[in-house]
Amino acid sequence: MKIYVGNLPYDANEEELRQEFSAFGEVSSVNVITDRDSGRSKGFAFVEMPSTSEGQAAVEALNGKILKERTMTVSPARPPSD
């Protein structure tokens, strides 16, 4: 299950997100989206979890959770539109 994580602190890193989500099950990948030119985080990321039930539990538990004074938005990722 691919999960969108928004409103992240700009200094949040992949390891921190992996720790947050691994409390709910196996995390197969974490991808913090960065600006192509500056390399700075754009404030959102995608997390992949192989189990849909574990992913859903993470979405329900982490949506609205505060990470470094920012309230995260966590939801199932929507497929990219054409």
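**A tour of the salt bridges and one hairpin**

Select Glu16 and Lys68: the two form a salt bridge, their closest N and O atoms being 2.8 Å apart (a salt bridge is a side-chain nitrogen of Lys or Arg within 4 Å of a carboxyl oxygen of Asp or Glu). Glu16 sits in helix α1 and Lys68 in the loop between β4 and β5, so this pair links distant parts of the chain, 52 residues apart (helices are DSSP runs of H or I, at least four residues, and strands runs of E, at least two, numbered from the N terminus).

The model is predicted; local features need pLDDT of at least 70 and side-chain atom pairs pLDDT 80 or more, while totals for chains, interfaces and linings use all residues. Residues are numbered from 1 along each chain as its sequence is written, and side-chain values use heavy atoms, without hydrogens and water.

Asp11 lies in the loop between β1 (2-6) and α1 (14-22), so the pair with Lys68 ties together parts 57 residues apart in sequence.

Next, select Lys65 and Glu20, a salt bridge whose closest N and O atoms are 2.7 Å apart. Lys65 is in the loop between α2 (52-62) and β4, and Glu20 is in helix α1, 45 residues away. Shared partners join Asp11, Glu16 and Lys68 into one network.

Finally, show β2 (residues 29-34) and β3 (residues 41-48), which pair in the antiparallel sense over five bridges (pairing requires at least two DSSP bridges between the strands). Ser29 stands opposite Glu48 in β3. Among the six residues between these strands of the hairpin, pick Gly39, which takes a positive phi near 80°.
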